[in-house]
Structures are given as C-alpha cells and as structure tokens.
Amino acid sequence: MAPPIAYSLIATDLDGTLLRGDDTLSDRSLDALALVAASGAQHLVVTGRPAPRVRPLLDILGSTGLAVCGQGAQLYDAGADRLLWSITLDRELAETALGKIEAEVGQVYAAVDQDGVDGLTLIEPGYLMPHPTLPAVRVRHRDDLWCEPISKVLLRHPTLSDDELAATARAVVGSLATVTMSGPGTVELQPCGVTKATGLALAAEHLGLGAHQTIAFGDMPNDIPMFDWAARGVAMANAHPELKAVADEITLSNEDDGIAVVLERLFTGILTDIAQ
C-alpha cells in the first residue's frame, strides 16, 4: 500500500508565485510539479487571470484538468476547453461602483475581462496593462467596456498607490462588488462574495477533495481567502505584507523557485517510499 501523501491538492497562484517575472515557468518548477503528479497529488492553478489568458500556460504545464480563473469567478475545464461554472459582474453595478470610487479619488482608468473561454480584455483610454505580455483590446470610450458580459473590472489610478486605491474602493463600494488587489497596478472589482476561496472550494468538490488536504501558494492580498480556506498557506518572499501576516510559512521568491523548494521537501520522500 502506498504511504499517505502530505497534501492531495496543490493550489498555486500564477503571477508573482509560480511564474517568474517574465511570465515563464522554470525547469525546476516544472520538475517539482511533475514530482507532485508522480506522487498522486493534483496541481490546481488558482489565478486572477481569466480563462483565455490561462489556457497557454496550462498547455505548457500539460494540464487537461481544472483551473480556477478570474479570481474565482470561473471554473475552467482545460481538457474540454469550456467553463464548468462562471458568474458575471452585473455591468450596471460595476458602473455604479466606478462612479462611487471616482467621487472619492477622481478619475480612474478601467479595463474589463469579458466572460467566456474566448472573452477579451478591453481597456479604456489611459489604462496601462500591468502585464504587457497579455493581449488587450483598446476601446474608444468607457461605455464600450460594457458591450458583453464581464467577469471583473480592473482599476488603476494615476497617483494613488494600489493599497490606497483598494482601501478607498472597499470603503465606498460596499455590497456592489468584492474589491481585491492581485498584483502591482491591479485593483479589481468582481462579483460580490466571489473570491479565490469560493472557486477553490468548488474545484476541490469536483475533485472529491477538501480543505484539510490542500496547501496553497500565493503572493498578494487576493490570496488571503484561499489561505484561510486551505489547511496550509505558503507566501512567497516577494509577497505583500498582508499575505505574509496570515501565512503558515514563507518560502523563497518566485524568481528563486520558492514553490519548488517546498514541494521538493514535501514530496521527494513520499515518491522514494512509493518506489520502494
């Protein structure tokens, strides 16, 4: 009989966590995830990126399973290239929320991720993509952002820090939307009550697994709900202080293969025992 594994579900954020700064995956990280698979555990991507922006990375990972996308608003089946579940942000509520934020801080620049496996990222004039490698379509007017159902709104302010913008947004948006901060220059509005934890819990249920079997890796405050849900939360050395404060462990940075370091520690011995 094979020995029990430490964790059956490995949940990883992408940007600032599993991915390096140039949006690539290191060989060591890929080898560590292969070790996880050989040990019988499952790897699950849990990211703020929408499904269309995750698909190429899942191809590199060789993943044909599930992925939690859009901050938990989408559960994507890579093998079937379809959404098993998705929830959209009401566009009228999104406009109202934007108005409340701008009444407090002045003009912000907005973008949206459209719903669906082929949804576009639309950006209004003045919005700068925090990840220049990700494709986006610039529209002429803000009204053009609302032409199709959306999963979330991304916000940037010309002078306020991300922390300042997120704090103000939370104070004025209320129940209109959930406010998250998922990376440098990335404050977001998503459907109220939707977080990475809700998406992760749904994915785990589909896989027949639970929170007590899950270890999660992240780097930003939007990963806090995921850490609260999982049995163990591991923050990267480059993580936001708010996430480090609630983490069970802090590993090396994404540039230094911090995830691989932990997975090698957890799974190398297990695989050796299975081989014997």
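How much space lies in the second largest pocket? In this predicted model, the volume is about 210 Å³, where a volume is the space filled by probe spheres set on grid points joined across faces, edges and corners. A pocket here is an open set of points on a 1 Å grid over the protein atoms alone, where a 1.4 Å probe fits, with protein on both sides within 12 Å along at least five of seven lines; lining residues have an atom within 4 Å of a point. The second largest pocket is lined by 16 residues, and Asp15, Gly16, Gly21, His131 and Pro184 come closest to its centre. Two or more lining residues come from each of α1 (14-18) and β10 (178-183), with helices (H or I, at least four residues) and strands (E, at least two) taken as DSSP runs numbered from the N terminus. By class, this lining holds three nonpolar, eight polar and five charged residues. Ala, Val, Leu, Ile, Met, Phe, Trp, Tyr, Cys and Pro are counted as nonpolar, Asp, Glu, Lys and Arg as charged, and the others, Gly among them, as polar.

As for conventions, residues are numbered from 1 along each chain as its sequence is written, and side-chain values use heavy atoms, with hydrogens and water left out. Because the model is predicted, local features need pLDDT of at least 70 and side-chain atom pairs count only at pLDDT 80 or more, while totals for chains, interfaces and linings use all residues.

Contributions of two or more residues come from α2 (27-38), β2 (42-46) and α3 (51-61), and α2 gives the most, with five. Eleven of the lining residues are nonpolar and six are polar, and none is charged.

Pro184 also meets Thr186: the side chain of Thr186 reaches the backbone oxygen of Pro184 at 3.2 Å. Thr186 belongs to strand β11 (residues 186-190) and is buried, at 5% relative accessible area (buried means under 20%, with a 1.4 Å probe and protein chains only). Beyond neighbours within four places in sequence, Thr186 is in contact (heavy atoms within 4.5 Å) with Pro130, Leu154, Asp162, Thr180 and Met181.

Turning to the sheet, eight strands form an open, mixed arrangement in the order β5-β4-β3-β2-β1-β12-β13-β14; strands pair if DSSP finds at least two bridges between them. β5 (82-86) and β14 (249-250) are the edge strands, each with a single partner, so one side of each lacks a neighbour in the sheet. β4 (residues 74-77) runs antiparallel to β5 and is joined to it by four bridges, and Tyr76 has Leu83 of β5 as its bridge partner.

Note on methods:
Buried < 20%, exposed > 50% of the residue type's maximum accessible area, 1.4 Å probe, protein only. Polar contact = N/O pair within 3.5 Å; in protein donor to acceptor, adjacent residues only side chain to side chain.
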